Amino acid sequence: MITRAAVLERRGRFTVARPVFARPRGEDDLGSGPLTVDPGKARVGDLVLVSVKPGSRGARGRVVRKLGRPDVARDVIEALMLDRGLRRRFDPAIDRAAVDSAEAGVGGGGGGERAGSRRDLRDLATFTIDPRGARDFDDAISARRLDDGRIRVWVHIADVAAFVRAGSPVDKEARRRATSVYVPGAVEPMLPPALSNDACSLVPGKDRLVVTAELEFDGPRVRRASFYRAVICSDERLDYDRVDRIFAGREQAGSPWAEPLDAARTAARELAAERARRGSLEIVSGEPEFAFSGEGHVVDIRLTEQTESHGLIEHLMIACNEEVAKLLASRKLPTLYRVHEQPEPARIERLVAQLASLDVPTPPIPKLMSAAGAAELVGEISRAVDRHVRRTGHGRLALTSLVLRSLKQAYYSPRNLGHAGLRSTGYCHF
């Protein structure tokens, strides 16, 4: 059966469903015009989910669910998710299996047994940093200054594999979903709530199972790296706004996570400076945050720009991902790398011409430019654009878009071809 979001209309003595969203070319559709339907308890003007057999155009469809009204933003978002094939709920059997996994674990021995075979890091001060509205917390940070001036950072990632056995019903459903899907005001999780919002969420005050990358920094360079499974207990759930207030001196950091946060900040600053020196892209983007009324209407839209708190997490995660990629490459293990090929020189020349026409200062173009030279130059251009935006106070979205459109798209590949945007010889998404 094909299901589509539609609005019910009256056509003579028939009730018809007019599809709300256009379909990508090549996908099954209900047809270009309205479809005669059996409305059930829905009324004309309602936003509904309609079901019809493939190839049965001209036949009557059936309203399977009333979704709300087409002039209510939250109802339209829900309709879009369903129209694109998201189920918006888990089968009860999958939910039950997830609860059983959360309680028993893969080996069926309970949380104590699972934690006993791991490195115990529960006494290590640990914190998470996420958006204010985040519901699940899948990564956490610990950091410590060493006597010789180096900084040790632990990046903890929720160990989902500890609760999801390969080939189990939960695993098969997660494979079908592939990822969690986020939209304004809602999320379609890859895992049932018993895992995504509880057992696999690194909430404060609860013992949680993780995979940890332990990195020792001497300035921006990683001198030692190790990877292992551990158990942690987060001390604080921080958000980006709060961390920025702490960095600005408008709020006091608490114990025991104040010193680790400061150490992580220092390590991230060193990494940021080194990446600028090696010519990586400087892309500062923003994401819109939507506020909804109780009735589901959009009442406010705020553009959240990347700040130092975002940069702290970003730079530490990049370092972690590079070290994991380095380890996997050295052991010749099958891996999906995140690849970003070097840009085409002609496209970078065109970018410089576009920016010059907009009075954005850019570095000079060499007479003969290789792909490697273009990658280095576009890094300089991205920093010039950032300086221009900070000086003038406008143009961030448009100018950043111009820079990004001049580059090749990043993709996943079993071949390690490097990441030009990061100026990295190997990168993966750990």
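R423 lies in the segment after β18 (411-413), where strands are DSSP E runs of at least two residues and helices are H or I runs of at least four, numbered from the N terminus. This is a predicted model, in which local features need pLDDT of at least 70, side-chain atom pairs count only at pLDDT 80 or more, and totals for chains use all residues. Residues are numbered from 1 along each chain as its sequence is written, and side-chain values use heavy atoms, with hydrogens and water left out.

Although not a glycine, R423 has a positive phi of about 55 degrees. With a relative accessible area of 28%, R423 is partly exposed, a class between buried (under 20%) and exposed (over 50%), using a 1.4 Å probe and protein chains only. R88 is likewise not a glycine and has a positive phi of about 65 degrees; R88 sits in the loop between α1 (73-83) and α2 (92-104) and is partly exposed at 23%.

S255 and P256 are joined by a cis peptide bond with omega of about 10 degrees. The loop between α6 (240-247) and α7 (258-277) holds P256. Most residues other than glycine have a negative phi, and most peptide bonds are trans.

## Overall architecture

The protein chain contains 11 helices and 18 strands. Its C-alpha trace spans about 80 × 65 × 50 Å along the principal axes. Of the 430 residues, 44% are buried. Among contacts (heavy atoms within 4.5 Å) between residues at least 6 apart in sequence, 67% join residues at least 24 apart.
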